[in-house]
Amino acid sequence: MLRQLMVFGLMTAFVARPSAAQDTDHRYEVGIRSGLITGSMNLSGLDPAFGDLSPDGPKGAHMSGFYFMYRLRPHVRIGVETLVANADQDARTTMNYQAAGPVVELSYGATWFVSGGVHAGGLIVNAMSRPGPAPLKGATTGSYFKGDGYFLSPYVDVGYRFRRAEVGMFIKKVNTFGETERGGMSAFGSSFVGLRFAIGL
């Protein structure tokens, strides 16, 4: 994960140079997000067998997403986005979830900009806790949880536009809802901070 962020930063530094004609007329945009967890994910709320996941840099839980947006008005964009998160698979407690849904975003600014939006939809989650360290190979035993529900995820983003591209830093809060049995879905909620890169079409 850290290597991906470093490569992304180097690419941005190489490509991002002032342009006399900023191209903001594109109607469509595709992009990616990549971020690290900044708040605890309290999986112990599912069952005492699970441990909580805390911010631990590249070894902690992280998320990524791919999105497609349409510019409805000069400062309003709508689209769809995926949301995938997982934890270090060598940890005693691991989790991952997959989600997708519509997103609405407002932005202000030209070359430098600030934007914010809301992403919502459905998700599938699972978590596992093993009694000991991960085996070198083969299967392992432990406690397992799987469920499905919904999420609501507001975010803010500060970035820079150059030619047809955008690069930014975002913080995204993921709130999860769903079944209340076995501890419920809220334990999978947390905040992530990271980088975003997009290209206008």
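Trainee: Is Arg-77 buried or exposed?

Mentor: Arg-77 is buried, because its relative accessible area is 8%, where buried means under 20%, exposed over 50% and partly exposed in between, with a 1.4 Å probe and protein chains only. Before we continue, note that this is a predicted model, in which local features need pLDDT of at least 70 and side-chain atom pairs count only at pLDDT 80 or more, while totals for chains, interfaces and linings use all residues. Residues are numbered from 1 along each chain as its sequence is written, and side-chain values use heavy atoms, with hydrogens and water left out.

Trainee: With which residue does Arg-77 form a salt bridge?

Mentor: In general, side chains of opposite charge can pair when their charged atoms come close. A salt bridge requires a side-chain nitrogen of Lys or Arg within 4 Å of a carboxyl oxygen of Asp or Glu. Here the partner of Arg-77 is Glu-29, and their closest N and O atoms are 2.5 Å apart. Arg-77 belongs to strand S3 (residues 76-86) and Glu-29 to strand S1, so this bridge ties together parts 48 residues apart in sequence. Strands (E, at least two residues) and helices (H or I, at least four) are DSSP runs, numbered from the N terminus. Glu-29 counts as buried, because its relative accessibility is 2%.

Trainee: How many salt bridges does the structure hold?

Mentor: The structure holds nine salt bridges. One of them joins the side chains of Arg-161 and Glu-166, at 2.8 Å from N to O. Arg-161 is buried, with a relative accessible area of 9%, and Glu-166 is buried at 2%. Glu-166 also meets Arg-196 in a salt bridge of 3.0 Å, N to O. That pair ties together parts 30 residues apart in sequence, because Glu-166 lies in strand S7 (residues 165-178) and Arg-196 in strand S8 (residues 190-200).

Trainee: Which residues are linked in a network of salt bridges?

Mentor: The network links Glu-29, Arg-77, Glu-105, Asp-157, Arg-161, Glu-166 and Arg-196.

Trainee: How many aromatic pairs are there?

Mentor: A pair of aromatic rings is described by the distance of the centres and the angle of the planes. Rings of Phe, Tyr and Trp (its six-membered ring) pair if their centres lie within 6.5 Å; planes under 30 degrees apart count as stacked, over 60 as edge-to-face and the rest as tilted. By this rule there are five aromatic pairs. Among them is the stacked pair of Tyr-28 and Phe-68, 5.7 Å centre to centre with 25° between the planes. Tyr-28 is in strand S1 (residues 28-37) and Phe-68 in strand S2 (residues 62-73), 40 residues apart. Tyr-28 also pairs with Tyr-70, and this pair is tilted, at 5.3 Å centre to centre and 45° between the planes.

Trainee: Over which ring does the charged end of Arg-33 sit?

Mentor: A charge sits over a ring if NZ of Lys or CZ of Arg is within 6 Å of the ring centre and within 35 degrees of the ring normal. The charged end of Arg-33 sits over the ring of Tyr-155, 4.4 Å from its centre. Arg-33 also lies over the face of Phe-170, at 5.1 Å from the ring centre.
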